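Me: I have a structure open and want to learn how to read it. Where do we start?

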Amino acid sequence: MIEQQRILATSIPGPRSQELLARKAAAVAAGVGVGLPVHVTDGAGGILRDADGNQLIDLGSGIAVTTVGNGNARVVAAVTEQVQRFTHTCFMVTPYEPYVAVCERLNALTPGEHEKRSALFNSGAEAVENAVKIARHATGRQAVVVFEHGYHGRTNLTMGMTSKNMPYKHRFGPFAPEIYRVPMAYPYRWPGGPERCAEEALSTVTSMIHAQVGEENTAAVVIEPIQGEGGFIVPPDGFLRGLADWCREHGILLVADEVQSGFCRTGDWFACDHDGVVPDLVTTAKGIAGGMPLAAVTGRAEIMDAVHGGGLGGTYGGNPVACAAALASIESMEEDDLAGRARSIGKILGDRLGALAERHPQVGDVRGRGAMMAMELVTDPDTKQPDAALAAAVNRGCHERGVVTLTCGTYGNVFRFLPPLSIGDDLLHEAMDVLEESFAAATA
Ligand SMILES: *Cc1c(COP(=O)(O)O)cnc(C)c1O
């Protein structure tokens, strides 16, 4: 068992990781980039150990995936058991219980008391693609509305739905048609100020859809209830509810992309719960299965069941080992009250980042919810000019000091925190000390 302790055994990356990097360069396509070039050999709780014996504090959870903790004991046991029974049949050929059980859990846990159905896939992008397929089929409409700063994946359809060009879309077009992008309710950068953001954004969005797309042509509005890659943008109170009401009035399906924000990350089961919003369809992945690849679409029974038999599926979707991991992860979230833990992590991160913001005017905004927190860095709080160079320098500083951190944001200037929910307070505070040290060094 790895001790929950940061250890700097070598400089980072160490000699062994550097050797592996050379092998990577010779064997792996250059387009597959890495953020922190250490090669991991083991993980436990809030710690990752690398090939040189360094132990790094994990503030990324492999992008919000190992929410239940690295090497979660329940997940390890469930995967080990399932792998010894059978690893694959293809659910569409001969089904098995773990798939059905995951769907039952998803139907019960996602927002709303109505009757639901689920279908399982392998990745977030695949879930979003299928949500669009289902929404188009059920409504007989084609247009899909998405938001500025939105991120939905790297397949052709989801690249088209994603907002940011570099690195996701650049020279990968043409993209699928019938995708329309509208402004996001982004309080920090809303021209009329944060107080007017909810109302003005809602009015802009609905009038744009009316004028440029037509309500009766619109199958779905797809939104991340808290945007992930785009910069942890939290829409102001009332925006999501207003959007949900307007969609319902016009027979447009509201799809909540909870791939990053779901499964206790924000302190509720799903980010929509906080806003009291009940989407028609919900996409999930990332935190669902403790690191095993699994994704889902969950939604109203009459919408999900509108698709003809055989219209949904895939060879690996709902793999039994991944399903066993999901059931164990959900059990951990319930038994260990990980939503409550996410809220207390959010309090610690919020306090520490707030204190940092008081000392450094370059911290323009601190935002997020639960264990999905971020700070947006600017050159000057008045102009709000994004400072991607500072974000990169602080990120590098954290990496060199043994903390796994991530940036995000359309302008690359947002520093995000996604720790595993099993991380201890001590490690979290130590990581925040490292962040402060790196920030001071980068701005000295
Ligand atoms: C990561 C992400 C996706 C894509 O998931 P993959 O598993 O990488 O395909 C889609 N939507 C959101 C909100 C995400 O954060």
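Reply: With helix length. The expected span of a helix is 1.5 Å times one less than its number of residues. Keep in mind that this model is predicted.

Me: What span should the 16 residues of helix α5 have, and how far apart are its end C-alpha atoms?

Reply: Helix α5 covers residues 124-139, so it should span 22 Å; its end C-alpha atoms are 22 Å apart, which agrees. Just after α5, Gly140 has a positive phi of about 70 degrees.

Me: Which residues of α5 are buried?

Reply: Buried means under 20% relative accessible area. In α5, the buried residues include Gly124, Ala125, Val128 and Ile134.

Me: Is Ser118 buried or exposed?

Reply: Ser118 sits in strand β4, residues 116-121. Its relative accessibility is 15%, so Ser118 counts as buried.

Me: Which side chains make polar contacts with the side chain of Ser118?

Reply: A polar contact is a pair of N or O atoms within 3.5 Å. The Ser118 side chain has such a contact with that of Asn107, at 2.7 Å. It also has one with the side chain of Thr298, at 2.7 Å.

Me: Now the ligand. Which residues surround it?

Reply: Among them are Ser123, Tyr151, His152 and Glu224. The shell divides into 3 nonpolar, 5 polar and 3 charged residues.

Terms used
Residues numbered from 1 in each chain as written. Predicted model: local features only at pLDDT ≥ 70, side-chain atom pairs only at ≥ 80, totals over all residues. Heavy atoms only, no water. Near = heavy atom within 4 Å. Nonpolar A, V, L, I, M, F, W, Y, C, P; charged D, E, K, R; others polar. Helix = DSSP H or I, 4+ residues; strand = E, 2+ residues; numbered from the N terminus. Buried < 20%, exposed > 50% of the residue type's maximum accessible area, 1.4 Å probe, protein only. Polar contact = N/O pair within 3.5 Å; in protein donor to acceptor, adjacent residues only side chain to side chain.
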